[in-house]
Amino acid sequence: MNSALNNLFRRLGASMIGDYRAMHAERNPVVSLRSDAKKLGRVIRHYSFLSKHAVPFLDNSNRVLRKSGWHSLAEQIEENIAEERGKAQEAAHYEIFCRGAKNELALDFRRARASNASKAFVNRWLEISRHARPEFVAGALYAFELTGVPEMSFVKALLNDYSANALGRPLDRKGRLAKFFDSHTGHFEVKHAKRIRDNVGSRLNTKEQHGLFEKGFHELMRAMDGWWAGMAAEAAGTG
């Protein structure tokens, strides 16, 4: 991988934490709600829409990559889709998340209705995945995978806070939910982000292509940042 690409990936990694509040454990807008079980429960229910719509996002992205001849990256995304649908675990990831939340925290995601902030995020997320340029879509995919570790680490902490405040006990470290989140932060997301970095090295050859990749990354980051701010405001009753 050439120095320009290395610099690009370093810059994006630094920007993820430095420029976007949602990816920082102490600056995320939801931090102020962590001691309020009712408000936190609302945020967690709406966060489940990310898992619910992950496969449509990946499917759309895969179609753009295939159409553009980016077959190697498309194959990787198809593998990611298979994992989301349960290839490496006992059920689809969204199903595991729903069951764990229902059984361990008495939170029913299946009855949750998308709020205005969640609707806006999902619509923008899927719109991004349908962009005509594969470089842009690849950048958005990279943002999705790179944010997996900080975001899911933060959400696991929120689940623990909710359990402590609503049920009077911490999240079971050996339970379904904890294992589900640990499998992502310790394996799935790290592997996926690295595969994208390795794969696009032969595809991003011009300044224009670098710029499109970076733009796709930041478009998704801005959408996610706005979503977290919106979820916090809605849960607090100010949005």
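I began with burial in α3: A54, V55, F57, L58, N60, S61, N62, V64 and L65 are buried, meaning under 20% relative accessible area with a 1.4 Å probe and protein chains only (exposed is over 50%, partly exposed in between). Helices here are DSSP runs of H or I, at least four residues, numbered from the N terminus.

The model is predicted, so I kept in mind that local features need pLDDT of at least 70 and side-chain atom pairs 80 or more, while totals for chains, interfaces and linings use all residues. Numbering starts from 1 along each chain as its sequence is written, and side-chain values use heavy atoms, without hydrogens or water.

What do the buried residues of α3 pack against? I found α2 (37-52), α4 (71-84), α6 (116-129), α7 (134-146) and α10 (207-236), with contact meaning heavy atoms within 4.5 Å.

After α3 comes G69, and its phi is positive, near 85°.

**α2 against α10**

I checked the axes next: those of α2 and α10 come within 9 Å and cross at roughly 145°. Axes are lines fitted to C-alpha atoms, for helices over the stretch in contact, with angles from 0 to 180 degrees between N-to-C directions.

On the α2 side I listed K39, R42, V43, H46, Y47 and L50, which meet W227, W228, M231, E234, A235 and A236 of α10.

**V149**

V149 sits in α8 (residues 148-167). I logged V149 as partly exposed because its relative accessibility is 27%. From its C-alpha to that of A236, 87 residues apart along the chain, I read 26 Å.

Key:
Helices (H or I, at least four residues) and strands (E, at least two) are DSSP runs, numbered from the N terminus.
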